[in-house]
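Q: Could we go through this structure together, starting with its pocket and then its backbone?

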Protein chains: 2
Amino acid sequence: MKLLFKNASILMEDWSVLKNGFLGIDGDTICYLGQERPQEDFDSEKDMSGKLLIPGLYNMHAHSPMSILRGIGSGLPLDKWLFDSIFPIEARMTPEDIAVGTRLNMMEMVASGTVSFTDMYDQTWVTLDEVDKAGMKANLCRPIQCFDPSETYEDNFRSKESIKLYHDINAMNNSRIKADFSIHGEYTNQPHIVAAYAEECNKLGGRVHLHLSETKKEHEECKQRHGKTPARFFYDLGTMELPVIAAHCVWVEDDDLVLLKEKNVTCVHNPTSNMKLGSGFMPSQKIKDAGIRLCIGTDGDASNNNQDLFEEMHLAAVLHKGYHLDPTMLEATDLLTMATVNGAEAQGRENCGKLKVGYKADVVAVDMDRPHMMPAHDVPSLLTYSAHGSDVVMTMVDGKILYENGVFLTMDWEKTKFELDACMKRLF
Amino acid sequence: MKLLFKNASILMEDWSVLKNGFLGIDGDTICYLGQERPQEDFDSEKDMSGKLLIPGLYNMHAHSPMSILRGIGSGLPLDKWLFDSIFPIEARMTPEDIAVGTRLNMMEMVASGTVSFTDMYDQTWVTLDEVDKAGMKANLCRPIQCFDPSETYEDNFRSKESIKLYHDINAMNNSRIKADFSIHGEYTNQPHIVAAYAEECNKLGGRVHLHLSETKKEHEECKQRHGKTPARFFYDLGTMELPVIAAHCVWVEDDDLVLLKEKNVTCVHNPTSNMKLGSGFMPSQKIKDAGIRLCIGTDGDASNNNQDLFEEMHLAAVLHKGYHLDPTMLEATDLLTMATVNGAEAQGRENCGKLKVGYKADVVAVDMDRPHMMPAHDVPSLLTYSAHGSDVVMTMVDGKILYENGVFLTMDWEKTKFELDACMKRLF
């Protein structure tokens, strides 16, 4: 099946815009991009007048089933919010809750231009099934936790589930879905469990997704407990031998950046969640200047409270300028890089994150025919400062359209609402 | 003409939600609000299933014609951006540019739930005409400026135009449009001009709209020039005898807050613009704690770069929490208060800013039937953290619908785009 987009504005990899261009798709791959109509035949054509085609966005830190907890515990600091408000509800969540939460979350994502996400949650086999059906890309993991110092690695059922998920996903042989390993955080684990898990993961190969220095409390308590920062804790326990995707990194110290750079760790900026919970915010410019790969994420809906990466780009773009009184910090193109190609790289995906011949057809159409998108003096600036996720009118993953003009093509909106109602009655 | 909204969720003045309610409108006024169907007859009914009715929003600091400069000079600090990039283009702007810029800006506003704005710009008679035709509410002013210390008040043509605008608007006897006085800022004026203008304005009565301590440079240079802060400068020159709407207030000092409180000044928070230009951000919680009225605004499109007050509420809500590491700062209901009833009060409008019988029918419908608006555990939190301006599906001002489901009913989208194209060719 070959599809040709015509009359499109196309965001190129150098962030320039090709006007009135053609973008051709053959199966799951971009086969043509140019000013001239291609010579070859296509099965169908789609008029993209007034639309800008951009590469799909990567949400690099999510907890997708948490959509059903949206708005719970507003105004509480992270530790109270997590331990007193969120954990007790999560303990009651059934596979039905996980399924509908994941689906609702993916609907938010595809409706706002996200094509792939790096997710961390429990009952991950349910999320896996929903992602498989929905057609999104995702890196999934089952995070390990251990609160009991006397527990042995052999008795830690989460580690077993985490490793099993890795094998299950690899056995599916679905290039859209990848298995990551995951350690929830330093403050929710014991060193001997982390070390044993790292040893097992390092033999298998892959990536590790974890929370790092999200709150000052967590960061300082780690130093009291272990005499070292969380980054050094993970480094010393062998968890950074594989590529690490470290969410938050709000309180990382200068010495930590040396370790993160050495081990090629990816840092994921989650500005709304960190600010909303009163955790602070990542020193993104410093991390970027240290040559460390920066990505962007939403975190879960319970602390954001949506999955709109355009909103995260906007906040990240203004936050550092306003705090450091320097309007040159984190330019619009830096944010777009974080949200596209850097995400694809960090997820271990080749030929993803750009609109380019030979790359996967992960294409998002943004409607420029709206008052707040005119005039178009500066397109990267428009995308970062003026646009919202709701300006997305089409989201395509691997050549398949998942969302178009308000309609979800692979997920059932009415069924999801019906199931959400049932979850709410059961949970609250 | 009497219209009844039925099956609506309605945001009440205590921020609770009345479900499956009725809201009746008679002419420009809310005549019924309740759980039961009203006894009286209505000319027409509108089904609002899945929609939340909220009071229309007040954008308390705008420069509406600047929409045509969206994205110009991105990455420059305020003084360079203003003097080197923006002012030279503004000097070439014709009445046609002002007209199309104002209209484009109002389209952004009504499409995102704003019913009224406090605007500051030149060639204000053009803006006045556009607002009159579009049906929005606005407080308009022509700001005075003077860069030449030898200029007399009699020779300052801006003061004359500013006072003339006041009389022209009052003569229109249109309750939607109000005249404000305006002093652009301390750094763009001379004390003797400000004093003489204040004396004239104080005799006439009204409100004064000005920029106050937006950048550190402006604030510190004022102290060097005049031996006092901008707030004290305006206080001493008699400009605070009328109610003042002071935009920005980023660098106000503790002593300034005493003056602002004494004179009942309204402070307008413009978080995106201030952060984007690297100016910093308003100490909003401190201003609120001092008992000073807080409102919210977008500033012009050239420094925002859109007019979405939901985005401003979101940013303001997370900014102070993240900076002060305190998730209890500026709650969702504080933001909604700033964006509705506080705006109406500061604009000098009676019976505006709430959904309540006897109040003006400035009603906005928000679509709750979208993935990111579910579940609805906490509606003020949903509006502040999860919603975008694009969730607005209807905006009504004084009982007249200006925008509904993507369609502008009092402004011509195709004509505006055509005219915008012509402006772009002329200006750039």
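Predicted model: local features only at pLDDT ≥ 70, side-chain atom pairs only at ≥ 80, totals over all residues.

Q: How much space lies in the largest pocket?
A: The largest pocket holds about 1,100 Å³. A pocket here is an open set of points on a 1 Å grid over the protein atoms alone, where a 1.4 Å probe fits, with protein on both sides within 12 Å along at least five of seven lines; lining residues have an atom within 4 Å of a point. The volume is the space filled by probe spheres set on the points, which are joined across faces, edges and corners.

Q: Which residues lie nearest its centre?
A: Those are A:Arg370, A:Ser390, A:Asp391, B:Arg370 and B:Ser390, out of 45 lining residues. The lining divides into 15 nonpolar, 18 polar and 12 charged residues; Ala, Val, Leu, Ile, Met, Phe, Trp, Tyr, Cys and Pro count as nonpolar, Asp, Glu, Lys and Arg as charged, and the others, Gly among them, as polar.

Q: Turning to the backbone, which peptide bond of chain A is cis?
A: A cis bond joins A:Asn304 and A:Asn305, with omega about 15°. A:Asn305 is in the loop between β14 (293–296) and α11 (309–324) of chain A; helices (H or I, at least four residues) and strands (E, at least two) are DSSP runs, numbered from the N terminus. In chain B, the bond from B:Asn304 to B:Asn305 is also cis, with omega near 15°.

Q: What about phi of B:Leu330?
A: Phi of B:Leu330 is positive, near 40°. Most residues other than glycine have a negative phi.

Q: Is B:Leu330 buried or exposed?
A: B:Leu330 counts as buried because its relative accessibility is 1%; buried means under 20% relative accessible area, exposed over 50%, partly exposed in between (1.4 Å probe, protein chains only).

Q: And what does B:Thr114 touch?
A: Leaving aside residues up to four places away in sequence, B:Thr114 touches B:Leu57, B:Asn59, B:Met109, B:Met136, B:Gln307, B:Leu309 and B:Thr395, contact meaning heavy atoms within 4.5 Å. B:Thr114 is in strand β7 (residues 114–120) of chain B.

Key:
Residues numbered from 1 in each chain as written. Chains lettered and ligands numbered in written order. Heavy atoms only, no water.
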